[in-house]
Amino acid sequence: MTRAYALSFDRGSLRLEAPATVRVPPYFVWDARVGAWRTAALHHPRVREDVAAYQLQLADEAPRFFPAPTLRAALPPLRADQRAAVEAWEGKGGRGVVVKPTGTGKTEIALAIIARHQAPTLVVAPLRDLMYQWQRRIKKALGFDAGVLGDGRHDVWPITVTTYESAWIHMKEIGNRYRLIVYDEAHHLPGPVQHESALECLAPLRLGLTATPWRADGRDRLLADLIGPVVYEEDLADARGRTVADYAIVRVPIYLTEEEQVEFDELSRSIRRYVASRRREDGAFDWKDMARRSRTDPEAREILRRWRRKLAIVHRSAEKLRVLEDIFRLHPDEPCVVFTASNRMALDVSARFLIPALTAHSDKHERNRVLDAFAAGRMRALAACEVLNEGWDAPAVKVGVVLGGEKGVREAVQRLGRLLRRSGDRLARLYEVVLQETADVARARRRGRSDAYRRAPRLSLGQANQL
């Protein structure tokens, strides 16, 4: 009689209690510490499929799923594109990534999937604010008061919302409790640490949601293994005027003042001279080497200071504030959000125009007060450094101004997406203030090659004034 070997969930891994001499699938490794085989919990469905080929009989004790939650769904009918996304995900066995622009109803797709499958679900979001937003949406749409894991709370229930950080911390304990895991803003998952939560989770059903799946480090290729392949994709340009607001890009070229240009050129020359001299000694010298040298070398420390000053000139150019004043005059009665590349520039904008600024240093209560007042129309504009790139819904805002950004195409598309929640037939306008003869120009060209930018109308400031 064939012996059944116990398969259990052990702190994020699957533990197979079989002798070292037993033939097992190649993704198992022998753990001599405990005298058993191990593999990532992610492989549980694969193990179930492969055991027959290896003539293994299992006593599978790994899943400890919560019972199906009792839901009182009150969901609006899905649009055709949303139904197609759900069907495509189910057609791939309930594993995959849905790529749709901001404002096209990715959350509704996830809620519909939870309701259809009545599955105990863990929802993972990148920010605490988004975590609580999901909790509110689940309560309203599914009639279920979801648990919260994170922000000092540890309520682990049949439907729970958490953050990527908390999922990474706690998945070793809860990774076998959920049949479905939903990764919101799934492009965060392949990060060097964040991806471990997917490896340590048993969930056979996996859904990723994102508008911008690509990553500059190329690790987006890991999404196929961690969640599943892209099962449905809608381009922002294709959705323009249909499921999101119609929009136009307004490029505003500017130049440094004469004083700024003189200082910028002097800083650039000194930095180039130093780097060239170091590379004559070591052809592979780069900025990592510079950072290491700056700990002990005063000259390297001075060059880094000069480099930071050069960035500050670009980020806080006086002409950017003058152009922003013109844009505000073009839209005296419309809410506007200003995106900056640095906290200091956000504070400069705040001081110049007497509007609030939100930065990474703004606490949750301040941020909520400002966003609530902005949404209620008590504030006409606000400035933000990075913190509003994701997970912020503001259907009334149709004017955005980009004064700078360092993170490339994904950040640009996310910022554009903040303006595209449909609100009647109003045209959304994104003003890009581009400082000529600096790295701003190269970044603008990279953004322009994306579909979201390439297929949108391009206007000058004068043309925007005539609309």
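These legends describe an overview and several close-up views of one predicted protein model. Residues are numbered from 1 along each chain as its sequence is written, and side-chain values use heavy atoms, with hydrogens and water left out. Because the model is predicted, local features need pLDDT of at least 70 and side-chain atom pairs count only at pLDDT 80 or more, while totals for chains, interfaces and linings use all residues.

**Figure 1. Overview of the protein chain.** The secondary structure comes to 18 helices and 20 strands. Helices (H or I, at least four residues) and strands (E, at least two) are DSSP runs, numbered from the N terminus. Of the 467 residues of the chain, 53% count as buried. Buried means under 20% relative accessible area, exposed means over 50%, and partly exposed lies in between (1.4 Å probe, protein chains only). The accessible surface is about 21,600 Å², and carbon and sulfur atoms hold 50% of that surface. Accessible areas come from the Shrake-Rupley method with a 1.4 Å probe; for residues, only the protein chains shown count as cover. Among contacts with a separation of 6 or more, 72% are between residues 24 or more positions apart. A contact means heavy atoms within 4.5 Å.

**Figure 2. Strand β7 and its two neighbours.** Strand β7 covers residues 121-125, and five of its five residues are buried, so the strand is largely enclosed by the rest of the structure. On one side of β7 are the buried residues Thr-121, Val-123 and Ala-125, and on the other are Leu-122 and Val-124, also buried. Five bridges join β7 to strand β10 (residues 159-163), and the two run parallel. In this pairing Val-123 stands opposite Val-161 of β10. Strand β11 (residues 180-184) also pairs with β7 in the parallel sense, over four bridges. Here Val-124 is opposite Tyr-183 of β11. Two strands pair if DSSP finds at least two bridges between them.

Figure 3. Side chains of opposite charge can pair when their charged atoms come close. A salt bridge is a side-chain nitrogen of Lys or Arg within 4 Å of a carboxyl oxygen of Asp or Glu. By this rule the count comes to 33 salt bridges. One of them joins the side chains of Glu-90 and Arg-116, at 2.8 Å from N to O. Glu-90 lies in helix α2 (residues 80-91) and Arg-116 in helix α3 (residues 106-117), so this pair ties together parts that are 26 residues apart in sequence. Glu-90 is partly exposed at 25% relative accessibility, whereas Arg-116 is exposed at 52%. Another salt bridge joins Arg-137 to Glu-108, with the closest N and O atoms 2.4 Å apart. This pair links distant parts of the chain, with Arg-137 in helix α4 (residues 128-142) and Glu-108 in helix α3, 29 residues apart. Arg-137 is partly exposed, with a relative accessible area of 25%, and Glu-108 is partly exposed as well, with 23%.

Figure 4. The side chains of Glu-319 and Arg-322 form a salt bridge at 2.8 Å from N to O. The two residues are three apart in helix α12 (residues 318-330), so about one helical turn separates them. Arg-322 is partly exposed, with a relative accessible area of 39%. In a further view, salt bridges that share partners join Asp-10, Arg-15, Glu-17, Asp-31, Arg-33 and Arg-38 into one network.

**Figure 5. Two aromatic pairs.** A pair of aromatic rings is described by the distance of the centres and the angle of the planes. Rings of Phe, Tyr and Trp (its six-membered ring) pair if their centres lie within 6.5 Å; planes under 30 degrees apart count as stacked, over 60 as edge-to-face and the rest as tilted. By this rule the count comes to seven aromatic pairs. Trp-30 and Trp-37 form an edge-to-face pair, 5.3 Å centre to centre with 75 degrees between the planes. Trp-30 is partly exposed at 35% relative accessibility, whereas Trp-37 is buried at 11%. The ring centres of Phe-328 and Phe-353 are 5.0 Å apart and their planes lie at 85 degrees, so this pair is edge-to-face. Phe-328 belongs to helix α12 and Phe-353 to helix α13 (residues 343-353), so the pair ties together parts that are 25 residues apart in sequence. Both Phe-328 and Phe-353 are buried.

**Figure 6. Arginines over aromatic rings.** The charged end of Arg-380 sits over the ring of Phe-328, 5.1 Å from its centre. Arg-278 lies over the face of Tyr-274, at 5.0 Å from the ring centre. A charge sits over a ring if NZ of Lys or CZ of Arg is within 6 Å of the ring centre and within 35 degrees of the ring normal.
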